[in-house]
Structure formats: structure tokens, C-alpha cells
Amino acid sequence: MHPADAHARKLESVGSVRVWNDLGSVILPLVITDAISPGVVASEKGAWLVTSPTGQTISALVSADERADLAQGACYNDTGVEVEAA
């Protein structure tokens, strides 16, 4: 998360955040860096359901029904989310 976004949410000293939308919720470690654009959060792949406090991984936050404009493929690269202290 960009430092300005973390500051706006008072997350500077938080170790983990809840990333959520209408589809689900995941708990992730927070990394604050100016290497990411303001207004954007990123999550790397690699989480397992068994290690998730919510029983979901980041994939739970994307629609299984929406299709990309290119060949109607799956849309797993971005989605709108909210972020708050866990």
C-alpha cells in the first residue's frame, strides 16, 4: 500500500490488514511502500486456505462470473476493495 493511503487510513503501525469487498474478506500482512501507486493495493499469490484466518484467499475477492474483454477469459487481475486494520 502506498504511504499516503496507509496514512489516510491510520495504518502506519499496523501489522495486518483486512482486505475486503462484497465477495469476501482476507487478512494480509501490510507492506507500505512508494513502489506502488496511490489508490492501489497489491497481493502476491501464494496463500493457502489452511493458513488464512478467514478461510479465504485473495481470489475470493474477484468475481467468478465477470469476463475479460479479451476472448472472454477469466478476470483475475484487479477488483475494487476496501482496506482496514485487522
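A polar contact is a pair of N or O atoms within 3.5 Å; within protein, one of the two must be able to donate a hydrogen and the other to accept it. In this predicted model, the side chain of aspartate 5 reaches the backbone nitrogen of glycine 39 at 2.6 Å. Aspartate 5 belongs to helix H1, which spans residues 3–8. The residue is buried but forms no salt bridge. Its nearest side chain of opposite charge is that of arginine 9, at 4.1 Å, whereas a salt bridge requires a side-chain nitrogen of Lys or Arg within 4 Å of a carboxyl oxygen of Asp or Glu. With neighbours up to four places away in sequence set aside, the contacts of aspartate 5 are with Ser37, Pro38, Gly39 and Val40.

The protein chain comprises one helix and three strands, arranged along the sequence in the pattern α-β-β-β. Of its 86 residues, 24% are classed as buried. Among contacts between residues at least 6 apart in sequence, 61% link residues at least 24 apart. The mean pLDDT of the chain is 85, and 84% of the residues score at least 70. Where pLDDT is low, the predicted coordinates should not be read in detail.

Histidine 2 is located in the segment that precedes H1. Its relative accessibility is 16%, so histidine 2 counts as buried, the limit for this class being under 20%. The side chain of histidine 2 reaches the backbone nitrogen of alanine 4 at 3.0 Å. Beyond four places in sequence, histidine 2 touches Ile32, Thr33, Asp34, Ile36, Ser37, Pro38 and Val40. Ser37, Pro38 and Val40 are also among the residues in contact with aspartate 5.

Lysine 10 is placed in the loop between H1 and E1. Most residues other than glycine have a negative phi. Lysine 10, although not a glycine, has a positive phi of about 55 degrees. With a relative accessibility of 68%, lysine 10 is classed as exposed, because the limit for that class is over 50%.

The largest nonpolar core contains 10 residues, namely Met1, Ala6, Leu11, Val17, Val19, Val26, Leu28, Leu30, Leu61 and Val83. At least two residues of this core come from each of strands E1 (16–21) and E2. Leucine 30, one of the core residues, touches Met1, Leu11, Val14, Gly15, Ser16 and Val17 when residues up to four places away in sequence are not counted. Among these, Met1, Leu11 and Val17 are also listed in the core.

Leucine 61, another member of the core, lies in the loop between strand E2 (24–29) and strand E3 (82–85). The relative accessible area of leucine 61 is 1%, and the residue is therefore buried. Apart from neighbours within four places in sequence, leucine 61 is in contact with Val19, Trp20, Asn21, Leu23, Gly24, Ser25, Val26, Thr79 and Val81. Of these, Val19 and Val26 are included in the core. Leucine 61 and aspartate 78 are separated by 17 residues in sequence and by 9.2 Å in space, C-alpha to C-alpha.

Conventions:
Residues are numbered from 1 along each chain as its sequence is written. This is a predicted model: local features need pLDDT of at least 70, side-chain atom pairs count only at pLDDT 80 or more; totals for chains, interfaces and linings use all residues. Side-chain values use heavy atoms; hydrogens and water are left out. Helices (H or I, at least four residues) and strands (E, at least two) are DSSP runs, numbered from the N terminus. Buried means under 20% relative accessible area, exposed over 50%, partly exposed in between (1.4 Å probe, protein chains only). Lys and Arg count as positive and Asp and Glu as negative; His and the chain ends are not counted. Contact means heavy atoms within 4.5 Å. A nonpolar core is a set of buried Ala, Val, Leu, Ile, Met, Phe, Trp, Tyr and Cys residues joined through side-chain atoms within 4.5 Å. pLDDT is the predictor's confidence in each residue, from 0 to 100.
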